[in-house]
Each structure stands twice: as C-alpha cells, then as structure tokens.
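Reader: I would like to go through this structure step by step. Could you explain the terms as we go?
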Amino acid sequence: MKKLTIKLRVTLWFTLMMVFLVTAVLLFLVVAGVRTVTAHSKDILGQIVRETCEAIEIQGNSLDFQVDMDYLDRGVYLTFYDGDGAYLSGKMPRDLTDAPPLSDGQFQTAPGEHDSWYLYDAYRPFPASNRSVWVRGALSVSGETGAFTTLLWLAFIFLPALVILAALAGYALVAQAFFPIRTMTESVEQIVDGADLTKRIHLGQGGDDEIYHLAATFDSMLARLQASFERESQFASDVSHELRTPTAVMISQCEYALEHAETLEEAKSALGTVLRQAERMSALVGQLLLLSRAGRGQLNREAINLSELAELVAAQMEESAAQKGITVRTEIQPDLVLEGDETMLMRLLLNLMENGVKYGREGGTLTLSLRRKEGFAVGTVTDDGIGIALENLPKIWHRLYQVDPARSSGGIGLGLPMVRYIAEAHGGTVQVESTLGKGSTFTFTLPIAA
C-alpha cells in the first residue's frame, strides 16, 4: 500500500468504500425483502383459506363447498378434508411430495420435487349436523419470491460493473483534485534542479481550497528563503570585506617593520597600527558572536530592574560623551521590572547610547528616557546630531551597513542590527525617527512583568 501513489490509494479506498456500501445495501434489501415477501405471501394464503372455510355450507347431510377449481386467485391451491382428515375434494400441487399433518391456524412449510410450499390449515365444525371440515391451502414459495430473486440476481450481476464505473469515476475525480499538486511538484522540482529561488509555483487564483493555500504558503516561504539567502550572501561578502582590510593593514605593517624599521619608535608605531586593527577585528568577531546568540534566542532570563540598568548605562556613557562635550540626560521612571537577559539588555542600551555619542553633535545633548505604557517599558534615546536621510532609514538595520563610513568613528555596522535582535528576542520592537542634520530618536518597547 505504501508503494502506491496517493491518487491510487485514495481511489482504492473510495472503491472499497463503494463496494462495502453497495454490499451492505444489497444485504439489507435481501433480508428485508425476503421477510416482506414471506409475510405478504402468508397473509394472502391465510386470507384465502379462511374465506373459503367460511364459505362452506351444510345442504342436508352434505357439505356444499361452492368451490369447483383446483386453485383460487393468486396461485393458492385448496384441498378439503373431513373432520377425520379423509380427503373430500380439491387438489394439492403435484410437486408437493410430503405434506405434514393438518394443524388449525398454523403456517407450515412443505418440500416439493422442484419447489417449496407454504401450507395453511383451517378447521370448521358444524355442531348441528355433527360434521366438521378441514381446508388446506398451498402457495408456491418461488412463485411469490421469483420476481424479487430475479432483481437480486440482476443486482449481483451488475455489481462488478458498478464497482468498475465507481473506480474509474473516482480516479478521474481524484486526478482532477490532485492536478494542482502535480503542478506544484513539477514547479518545485524545477526550482530544486535549477537552484533558482526566484521562481514561484504561481497556481494563481483558480481556487480557494487547501491546496491553493498550500501553494501560496510555498511561494511565501520561497520568497523568505530568497531574501534570507540574499542577506546571508551579502553578509558574508561584507564580513569578508571588513576582515580583509584590517588583515591587509596588519600584514603590510608587519612587513614594513621587519624590513624597514630601524628604531624602536618605528617598530612601536607599526605595532600600534597592528594592535588597533586587531582590536577592530576582535570587536567585529565579538559582536558577530553576540548577534548570532541573539538571533538563536539563547537568553538567560531573570527578573531585571530595567530602570536601574538604564541609570547604570547612562552613568557609564557620561565619560565618553563628555569627550565631545555632549550632556547626558535621563528621564527614567523607577522600578520597571521585566524578565530578560541582563547582558543582552545592557548591550541594547549601550549600543543605542554609543550610537548617539558617535553621531551626536559636539556640545549637544543625549537623552535617555524610560516609562511604563500599557504593559510595556517604552524607552527612547534621542540625540541632536547628524541624523539619517529618509531613504537610508530601512538600511540601518542591515548588518554591517554604515550610512557614512567616513564618519563612522570606527563603527562596524553591527550595533543597530543587534539592538533589533535583542528587542525582538525579548518580545519587543524598536524603531527610529530621524531628520537629516537635526538628530535621531530611537524608540524601543519591551514587555514588563505585571
């Protein structure tokens, strides 16, 4: 069964179900029909025998049977006997070979050479003349059930034809229903063979059933896979570029120091350049690891007082902000508690604050606010620095993207993507509003404990 196609399996089950239903109906008809025909035959036999018995009269000392035929209507044979069971008149069927004893008001069945017979006896006494009479009726079993039996035989003869027609019709219906699946399979095979994620199944709007919904889901999945592969490819290219530059600088400085450095100062200068580039590479690798951890959702959740954490980060950033003359301000509502990863949440706040210091205006202001709103902690980091152009706002969440590399102050383009990953890993969101030349406001929301 497992080796059969789904179409054949569905057709087979459909055919077996049809056979079962038809067989059950026929069996029911046989049982119910036989009982109905038998009851009807016995009713007719009993009625004729009783009516005949009531019609007998006494004429002097003799009985007037008023019956001059071997059988009456509807194939009932009649025979008359005296009170002792001696034959008087009438005729039993020649086929009846072994008649049972007379029994008043009882239906009996007697065998014949070629048929079976229903028998019914009626007894009538005549007390005034001290006489009595028996009337026996005989009715052929096959004569009453013959038409019904013929219909049953016809049904059994035509049953295989009905089953074959049902199987063919079922297969056609199943094939029609599975046609979209075949189209989907061929399309997916072409996509796999060609390794081309730009192709789609495109069943169109021909239906609104589960298969068309499945095709639409596949198309949506392929679109997401395409976008994901493109992002990963771009990310790999960007990482290679970011690592290639410091690696080349480090190699060139080492080669210069080995070949040309004549004094300790020249060697120290070369080593200092190597150290800065190594630190840049270390920072890149470290942030990539953090970003990968956030993307996998590996959080060490515990109860965190986000208000105290924000105050701590703001205080930590005051020294680096003061080097550019930037004043750090806070507007923090106390005791906002949530379930989260303290290290990751600190990284979220630090990245936003560091971003504000890097791109903030010298002598300007950097504001960190935090408040409760409808079950969420809503935080904002606002600077009055260079701002971001409208067309660049969606791109800042891409890894390794830098709006202006020349003014990035050593940044590597992973801070904001990490902020988004951390916020979403905690069930929150982050968004930005910015005006070029006037500054930016980053807003994050995080669900807090009840």
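Author: Helices (H or I, at least four residues) and strands (E, at least two) are DSSP runs, numbered from the N terminus. This is a predicted model, in which local features need pLDDT of at least 70 and side-chain atom pairs count only at pLDDT 80 or more, while totals for chains, interfaces and linings use all residues. Residues are numbered from 1 along each chain as its sequence is written, and side-chain values use heavy atoms, with hydrogens and water left out.

Reader: Where is glutamate 113 placed?
Author: Glutamate 113 is in the loop between β5 (107-111) and β6 (116-126).

Reader: Is glutamate 113 buried or exposed?
Author: Glutamate 113 counts as exposed because its relative accessibility is 59%. Buried means under 20% relative accessible area, exposed over 50%, and partly exposed in between (1.4 Å probe, protein chains only).

Reader: What does glutamate 113 touch, not counting residues up to four places away in sequence?
Author: Glutamate 113 touches Asp95 and Thr97 on that count, where contact means heavy atoms within 4.5 Å. From C-alpha to C-alpha, glutamate 113 and aspartate 95 are 5.4 Å apart in space, and they are 18 residues apart in sequence.

Reader: Now to arginine 136: which strand does it lie in?
Author: Arginine 136 belongs to strand β7 (residues 131-140). With a relative accessible area of 3%, arginine 136 is buried.

Reader: What does the side chain of arginine 136 reach?
Author: The side chain of arginine 136 reaches the backbone oxygen of proline 101 at 3.1 Å. A polar atom of that side chain also lies 2.9 Å from the backbone oxygen of proline 100.

Reader: And which strand holds serine 440?
Author: Serine 440 is in strand β14 (residues 439-447), and serine 440 is buried, with a relative accessible area of 4%. Leaving aside neighbours within four places in sequence, the residues in contact with serine 440 include Val381, Thr382 and Ser434.

Reader: How many disulfides does a search of the whole structure find?
Author: The search finds 0 disulfides; a disulfide here is a pair of cysteine sulfur atoms within 2.5 Å. Cysteine 53 is buried, with a relative accessible area of 4%, whereas cysteine 254 counts as partly exposed at 37% relative accessibility.

Conventions:
A polar contact is a pair of N or O atoms within 3.5 Å; within protein, one must be able to donate a hydrogen and the other to accept it, and residues adjacent in sequence count only if both atoms are side-chain atoms.
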